[in-house]
Amino acid sequence: MSSVESQQEPPSQSDPSPSPNSSSSFELLDMDASSLYEPVSPHWFYCKIIDSRETWIPFNAQDSRLLEEAYGSGEDCNGRVVPTDGGRYDVHLGERMRYAVYWDELVSEVRRCTWFYKGDKDNKYIPYSESFSQVLEEAYMLAVTLDEWKKKLESPNREIIVLHNPKLMVHYQPVPGSDEWGATATEQGRPRTVKRGVENISVDIQCGEPLQIDHLVFVVHGIGPACDLRFRSIVQCVNDFRSVSLNLLQTHFKKAQEHQQIGRVEFLPVNWHSPLHSSGVDVDLQRITLPSINRLRHFTNDTILDVFFYNSPTYCQTIVDTVASEMNRIYTLFLQRNPDFKGGVSIAGHSLGSLILFDILTNQKDPLGNIDSEQGSLTTVMGQGDTPTLEEDLKKLQLSEYLPIFEKERALCTDSDLQAMGIPLGPRKKILDSFRTREEPLGVSRPSPRPASGPSIPRGPELCSGTDGSGCDEYPDVGIGQVSVRYPRLMYKPEIFFAFGSPIGMFLTVRGLKRIDPNYKFPTCKGFFNIYHPFDPVAYRIEPMVVPGMEFEPMLIPHHKGRKRMHLELREGLTRMSMDLKNNLLGSLRMAWKSFTRSPYPALQASEAAEAEAEPEPSPEKPSEVSTEETSVADKEEVAPIHVGMLNGGRRIDHVLQEKPIESFNEYLFALQSHLCYWESEDTVLLVLKEIYQTQGVFLDQPLPFTVTAYLWLLPTDTEGPSRNTHLFAATVPSPRPPHFLHAACHFLSPGSLDVSGKAEGRPSSSHRCSM
């Protein structure tokens, strides 16, 4: 108490500081208060409806600065349009509205925000209207300048704002009926916090996106309107994909960004679900849908039936037309808004969207550049609606005289069928050869049914016709597309095709395609990557269809923070250790068995010993015969290149993600999530960026390797530590893991001890990290 009382004593006579009650002190406080006022810095926000609630989201710093410059330019804001979000949205400054450029989306309200209050049900701040924010700013300026606080202001909604001091400002929401009974403002509900300026609220404001666009990627969704477990649209999921790519560019392409070699990759969504279900098919389905389990049936009609729609010729035509026309429209609009764009274009598809893109790419024309040319080995696919009639085929083969026989008979066009129809050997072989040459350019092989008797004969496309001269309806030739579908042309040539969680392999097999020709490649696309999660129930491989006679694992996608996740390395290490122990045990038993079964002839033993002494001693680094064979086999398995055809330019096609540690406990629990994990997967996005920028000669920043020196010591039995006189072997090797990880994995070796030490070149030892 004495200390408090001493602080509250009045100042002595000798103290030069003015008294609070003196007039000079008021003048000093007035001068200090006026100097403390600074105009508030505005920031621009836009309103989005999320989960049926309004959420105010800040523009990034770059866009907010552009909007503020346009607002303060002195020009008329009416008709002024400011591109934001990398050019994907336009803000009409006079209307204070934000419009999407490339897709349909609800218009968002835009505000120039300076004052905020905390909402009811969450901790997010809501901006006041621009007019009322100006009233609050004027009241705040007067309060600071005159040092007059406790001011009360009433908002247009009859809500009361009280300015207690610069650090304490509250907002009271009126309780219905309280004003009629004369209740005061402080008695009207729970107070809310009021903040001035965006720097005083907790909100994440991004810096902005690079202006330079290096590459354009179109992303096509799969079945249903929702693309993840949060039931978000394709636009929201692609926004996440784009955000992850911007973060990875800063961390993995830092050198290229510092030298201004790269900008960013633009990802734009392509929506085909809405046009399909707005064609009236939902009304037709609703009439025949049972009233029970309404939600499940609605989910089935809106999502799962998209697979059946794509297998229907009518709706398949609608889907491919929508996808191709949308990509062409967006591409044209993108070039109009970015006239300096000189980068390439790639396409990506998730789930069924990848199959749609695959069918469109396989049916493109003219790989040499003339997009209107009808020539091309692989592009003219039967089933596009331009299938030649039986009469045209026979006329081309100069066998028109056999047309009446084909019109009369209906049978499979195999050699036995043609022979039974009475067609001679020469015309018969000419017809069969024509069928085979037509199917070979397609780059696929389809299984052939065995006839009832006789050997199996390869079957060509079923050109057996009925009386109307059309193709046989019982066995239609679908090629690698759909029945009676005309695939539209794209206005560009995609450089790479990325398939995420793709069922392409399954659909090709169901269509009757047994094998893809290794020489086949897309007419207009050079690259193809089939990316999938190991637990994805919808994903299928492609490479076994190209090389059916070989069994090999897919390419493992590296972790974005390292080579491999630790739990996978531990699993492989334990597997390798068990194999080594098994091999060593078998080798020891084999040597023991040989020693027991050796012939006990002294003369023979002496001669063998003499020959052994005459032979030079083997090098200590030379392994045993068994281990040499095993090592050579292992090296062949690791080094031997795998040729998987030209579909990806001779490179590997199938790439598998690494599952997370928690996912490895039960793969069934994470099956559905695995199919929807690609939008936020850093490993997937990094692979996409790496392959795209490799086409431009830009590569990932190489991480500094760990140089590990391993010493092998022979431990004496009477000492605890290693003796330098028993040093047997030393080697310095690069390692993907820091030394302490290797030491933890190898410290238990005996009777020798592996002393592992090392350093990271150019990095201190404290920077050693293991990626999880």
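## A walk through the predicted model

The protein exposes about 44200 Å², and carbon and sulfur atoms supply 55% of that area; the values come from the Shrake-Rupley method with a 1.4 Å probe, and for residues only the protein chains shown count as cover. Please keep in mind that this is a predicted model: local features need pLDDT of at least 70, side-chain atom pairs count only at pLDDT 80 or more, and totals for chains, interfaces and linings use all residues. Residues are numbered from 1 along each chain as its sequence is written, and side-chain values use heavy atoms, with hydrogens and water left out.

Let us start with the overall fold. The protein has 23 helices and 24 strands, taken as DSSP runs numbered from the N terminus (helices are H or I with at least four residues, strands are E with at least two). Of its 772 residues, 41% are buried; buried means under 20% relative accessible area, exposed over 50%, and partly exposed in between, with a 1.4 Å probe and protein chains only. If you look at contacts (heavy atoms within 4.5 Å) between residues at least 6 apart in sequence, 70% of them join residues at least 24 apart.

A pair of aromatic rings is described by the distance of the centres and the angle of the planes. Here, rings of Phe, Tyr and Trp (its six-membered ring) pair if their centres lie within 6.5 Å; planes under 30 degrees apart count as stacked, over 60 as edge-to-face and the rest as tilted. The structure holds 27 such aromatic pairs. One of them is the edge-to-face pair of Phe241 and Trp679, at 6.4 Å centre to centre and with 80° between the planes. This pair links distant parts of the chain, 438 residues apart: Phe241 sits in helix H5 (residues 234-252), while Trp679 is in the loop between helix H21 (671-675) and helix H22 (682-694). Phe241 is buried, at 3% relative accessible area, and Trp679 is buried too, at 2%.

A second pair joins Phe358 and Phe528, whose ring centres are 6.2 Å apart with planes at 50°, so this pair is tilted. Because Phe358 belongs to helix H11 (residues 352-362) and Phe528 to strand S19 (residues 527-532), the pair ties together parts 170 residues apart in sequence. Both are covered: Phe358 is buried at 3% relative accessible area, and Phe528 is buried at 0%. Elsewhere, ring pairs link Tyr89, Tyr102, Trp103, Phe334 and Phe341 into a cluster.

Back at the H21 side, Leu657 lies in the loop between strand S21 (654-656) and H21. With 3% relative accessibility, Leu657 counts as buried. Setting aside neighbours within four places in sequence, Leu657 has contacts that include Tyr532, His533, Pro534, Cys677 and Tyr678.

What about the cysteines? The structure holds zero disulfides, a disulfide being a pair of cysteine sulfur atoms within 2.5 Å. For Cys227, the nearest cysteine sulfur belongs to Cys237 and is 4.8 Å away. Cys227 counts as buried at 4% relative accessibility, and Cys525 counts as buried at 3%.

Phe299 is found in helix H9 (residues 294-310) and is partly exposed, with a relative accessible area of 41%.
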